[in-house]
Amino acid sequence: MNSEESKNATRLEVQTFAISFLCQHGVPTHTVVPTTTTGQLMSMEEIDCGHGAQIYCVRLMTYLPGKPVGESPVTVLDLYHVSKLFASMDKTLQQLVSPNLDVLNFDVRWSLSKIPLLEDCLSVMDGDPLQEVIKAVLEQYKSHVQPKISSFQRGIIHGDPNDLNILVTPVDNGRHEVSGVLDFSLLMNDCYVFDVAVLITYMMLENPSPLDVGGAVLAGWESIMVLTDDERDSLFLLVLGRLCQSLVYGRCNVRKYPDNEKYLLTTAKSGTRLLTKLWELGKKEVERKWFTDASTFSVN
C-alpha cells in the first residue's frame, strides 16, 4: 500500500478482514497470504522508494485472472450481473462484525457526498469550456441532491467500483463473468446509491453505447437492493458529479505527480465527451432511458 494509506494500520486490517470475509461468502476477491515469518496478514516495512525511507504496509495476495472490464467487450447482460454482484457484496457486508468498524467512518474527497469540494480545485479548468458545465453540475447537485443525502440508505460499500477494479473473463456466447473484484482502499460507511452511480459512470466510459449502461446496472442492482425515489431522482447528478470529480482531480494530481500523467488522465478523453453528451441530453431524457430500460430488462 502507498505510504499515506499505510499510516492507518487499523483501517488496513479491517479492509483485509473484509476481503477474507467476502471471499468466504463467494465473492471473487483475493485471499491474503500470511507471512512465513510471523503468520500475520500484513507487514509494516521501512522502504526507500526514491523519496526517503517511509513505512509501507506489505501484503501478499493471491492472483486473480481476467482483464479489466473496461478493456473487454461486455454486453448489457454482463453489466447486469456485474451490478448484481456489487449489490450482493454490499449487502453481504451488512453482516461484517469487527470491533474496529468505526474506522470506516472517514471523510474522503472521492465520496459522492463531497462533490462540492470540487469548487476549491476548479481553477485547473480555467480556459476550458467544460468548466462552465462543471460549475452548473455543482449548483444543481447542491440544490437537488445535497438536501436528500441524509435520507439515503447507508452501509459499508466498496466505494470505488470502477472499470479498472473489476476483472472479467469470457464465457460462452460472447458473454463475460466477473473473475475478480479489486482495491478495497475506499471501503467505507456511505450511501449504497453511490456505488450504483460510480458503476454506471465507469461502465459508460469505454462502452460504444453508453446510454444503454444505466438501465442494465439499475436492473442488476435492484434485483438485490431497491433504491428509494429520492435515490433514483439523484442518480443522474451523482453520475455527472463523479465524472466532474474524475476530470478535475485528474488534472489537479497531474500537477503534483507529472510522472504519472497517463494513469491520472485515464478518464479525461472519454470522460469529457461523456459529460458533455449527458449534460446536453439533460436529466429528464437520460433518466427516461435508464428507468425504462431497467423496468423492461430481461435476463433471459
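Mentor: Start with helix α2 (residues 76-92) and helix α5 (residues 213-222): their axes come within 7 Å and cross at roughly 40°. Axes here are lines fitted to C-alpha atoms, for helices over the stretch in contact, and angles run from 0 to 180 degrees between N-to-C directions. Helices (H or I, at least four residues) and strands (E, at least two) are DSSP runs, numbered from the N terminus.

Trainee: How are α2 and α5 set to each other, then?

Mentor: α2 and α5 are oblique to each other. Angles under 35 degrees count as roughly parallel, over 145 as roughly antiparallel, 65 to 115 as roughly perpendicular and the rest as oblique.

Trainee: Which residues make the contact?

Mentor: From α2, they include V76, L79, Y80 and F86. From α5, they include V213, A216 and W221. Contact means heavy atoms within 4.5 Å. The residues of this α2 and α5 contact split into 10 nonpolar, 2 polar and 2 charged. Ala, Val, Leu, Ile, Met, Phe, Trp, Tyr, Cys and Pro count as nonpolar, Asp, Glu, Lys and Arg as charged, and the others, Gly among them, as polar.

Trainee: Is this model predicted or experimental?

Mentor: Predicted: local features need pLDDT of at least 70, side-chain atom pairs count only at pLDDT 80 or more, and totals for chains, interfaces and linings use all residues. Residues are numbered from 1 along each chain as its sequence is written, and side-chain values use heavy atoms, with hydrogens and water left out.

Trainee: What about α2 and α4?

Mentor: α2 packs with helix α4 (residues 192-205) at about 155°, axes 11 Å apart. That makes α2 and α4 roughly antiparallel. L79, V82, S83, F86 and D90 in α2 meet Y192, D195, L199 and M203 in α4.

Trainee: New topic. Where does N173 lie?

Mentor: N173 is in the loop between β7 (166-170) and β8 (176-181). Phi of N173 is near 60°, a positive value in a residue other than glycine. Most residues other than glycine have a negative phi.

Trainee: Buried or exposed, that N173?

Mentor: N173 is exposed, with a relative accessible area of 75%. Buried means under 20% relative accessible area, exposed over 50%, partly exposed in between (1.4 Å probe, protein chains only).

Trainee: And D183, where does that lie?

Mentor: D183 is in the loop between β8 and β9 (188-191). Its phi is near 60°. D183 is partly exposed, at 32% relative accessible area.

Trainee: Last one: what does W290 touch?

Mentor: Not counting residues up to four places away in sequence, W290 touches several residues, including I200, M204, L218 and F236.
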